[in-house]
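I opened the model to look up a few things and kept notes as I went. The entries follow in the order I made them.

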Amino acid sequence: GIGLALAIGLRARGASVAVSARHAGALQEFVAAHPGADRHGRPLAQAVPLDATDLESVQAAADAVFSEGPLDLALYCAGMFQPLRATEFDLDVVLHHLDLNVAGALRAWSVVVPRVLAQRHGHLSMIASVAGSRGLPKGLAYGPTKAALINLAETMYLDLRPHGIGVSLVNPGFVDTPMTRQNDFPMPAMIGPEQAAREILDGWASGSFEIHFPKRFTRFVKLARLLPDRLYFSAVHRATGL
């Protein structure tokens, strides 16, 4: 997915990268495939198992990463998506999305922010989605969590920038991943995870707050935010048939 492609991209630029996920075996395979060390002697790839729904796991992962030295950049990429309509309301599904997509990010930043403030530099980034811009059919569980991350990133930017800490928000359109393969509707301007990773790396390098792509789709979504409600709802119904 995007996270793996980003790790490969950062590693290719000579950065020491700590990759995290719940499945330690997959992490070790990634590390074994990317040997070597950076100019400080740190491994180019490190496996740090982490469950974003468990605060103790998040704290242990942060301890492991910061024990290797200062952290330049942290990306919260964990997330889930299950199509859900209000006519099929399932509270367990909604709360599971909230726990991983939103509370997971809050757990991560609760242990990372004090440490980057103490080291007086660093960059924090999180992946939301253009789906958080306005309500969409089948987005009952997913869309509100991404809207929350957009607000969270904006707030953290305002609070942390005066302290020299960078914050950025990644709002992708459709990227070919196992999550989007669940969709049974047309997904315009679909791109692969490698292209998405390049967009994110370029956005970080340019100092952008919001990194959105592919532009031919996300610019259209941004315009939709400006439509009056009546026109927006009508346009969505016509486009989706839902």
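Is E210 buried, partly exposed or exposed? I looked up its relative accessible area and got 26%, so E210 is partly exposed. I note here that the model is a predicted one.

**Entry: E210 and its partner**

I followed the side chain of E210 and found that it meets the side chain of K222 in a salt bridge, 2.6 Å from N to O. E210 lies in strand 6, residues 210–213, and K222 in helix 7, residues 215–224, so this pair ties together parts that are 12 residues apart in sequence. I then checked K222 and read 27% relative accessibility, which makes K222 partly exposed.

**Entry: the chain as a whole**

I stepped back to the overall layout. I find eight helices and six strands in the protein chain. Along the sequence the pattern reads α-β-α-β-α-β-α-β-α-β-α-β-α-α. The radius of gyration is 18 Å, close to the 18 Å that the globule rule gives for 242 residues, so the chain is as compact as a globular protein of that length. I put a box around the C-alpha atoms along the principal axes and got roughly 55 × 40 × 30 Å.

I also looked up burial and contacts. Of the 242 residues, 42% are buried. Taking contacts between residues at least 6 apart in sequence, I find that 67% join residues at least 24 apart. The accessible surface comes to about 12800 Å², and carbon and sulfur atoms account for 57% of that.

**Entry: other salt bridges**

How many salt bridges does the structure hold? I count four.

I took D63 and R115 next. Their closest N and O atoms are 2.6 Å apart, and the two residues form a salt bridge. D63 sits in helix 3, residues 55–66, and R115 in helix 4, so the pair ties together parts that are 52 residues apart in sequence. I read a relative accessible area of 41% for D63, which is partly exposed. R115 is also listed in my notes as partly exposed, at 28%.

I then turned to R134 and D229, whose side chains meet in a salt bridge at 2.6 Å, N to O. R134 lies in the loop between strand 4 (123–127) and helix 5 (143–160), and D229 in helix 8 (residues 229–240), so this pair ties together parts that are 95 residues apart in sequence. Is R134 buried or exposed? With a relative accessible area of 18%, R134 is buried; the cut-off for buried is under 20%. D229 has 47% relative accessibility and counts as partly exposed.

**Entry: helix 4**

I went along helix 4, which covers residues 91–119 and includes L91. L91 also belongs to a nonpolar surface patch of about 390 Å², made by F89, L91, L95 and L98.

R107 is placed in helix 4. I read 17% relative accessible area for R107, so R107 is buried. What does the side chain of R107 make a polar contact with? I find the side chain of D99, at 2.5 Å. Leaving out residues up to four places away in sequence, R107 touches A52, T53, D54, L55, V58 and D99.

Q119 is in helix 4 too. A polar atom of the Q119 side chain lies 2.6 Å from the backbone oxygen of L71. With residues up to four places away in sequence left out, Q119 touches F66, P70 and L71.

**Entry: D54**

D54 is found in the loop between strand 2 (45–47) and helix 3. Its relative accessible area is 35%, so D54 is partly exposed. The side chain of D54 reaches the backbone nitrogen of E56 at 3.0 Å. I also took the C-alpha separation of D54 and L100 and got 9.7 Å, for residues 46 apart along the chain.

How values were computed:
Residues are numbered from 1 along each chain as its sequence is written. This is a predicted model: local features need pLDDT of at least 70, side-chain atom pairs count only at pLDDT 80 or more; totals for chains, interfaces and linings use all residues. Side-chain values use heavy atoms; hydrogens and water are left out. Patches are made of residues with over 30% relative accessible area and no salt bridge: like charges are joined within 9 Å, nonpolar side chains (Val, Leu, Ile, Met, Phe, Trp, Tyr) within 5 Å. Accessible areas come from the Shrake-Rupley method with a 1.4 Å probe; for residues, only the protein chains shown count as cover. Helices (H or I, at least four residues) and strands (E, at least two) are DSSP runs, numbered from the N terminus. The radius of gyration is taken over C-alpha atoms; the globule rule is 2.2 Å times the number of residues to the power 0.38. Buried means under 20% relative accessible area, exposed over 50%, partly exposed in between (1.4 Å probe, protein chains only). Contact means heavy atoms within 4.5 Å. A polar contact is a pair of N or O atoms within 3.5 Å; within protein, one must be able to donate a hydrogen and the other to accept it, and residues adjacent in sequence count only if both atoms are side-chain atoms.
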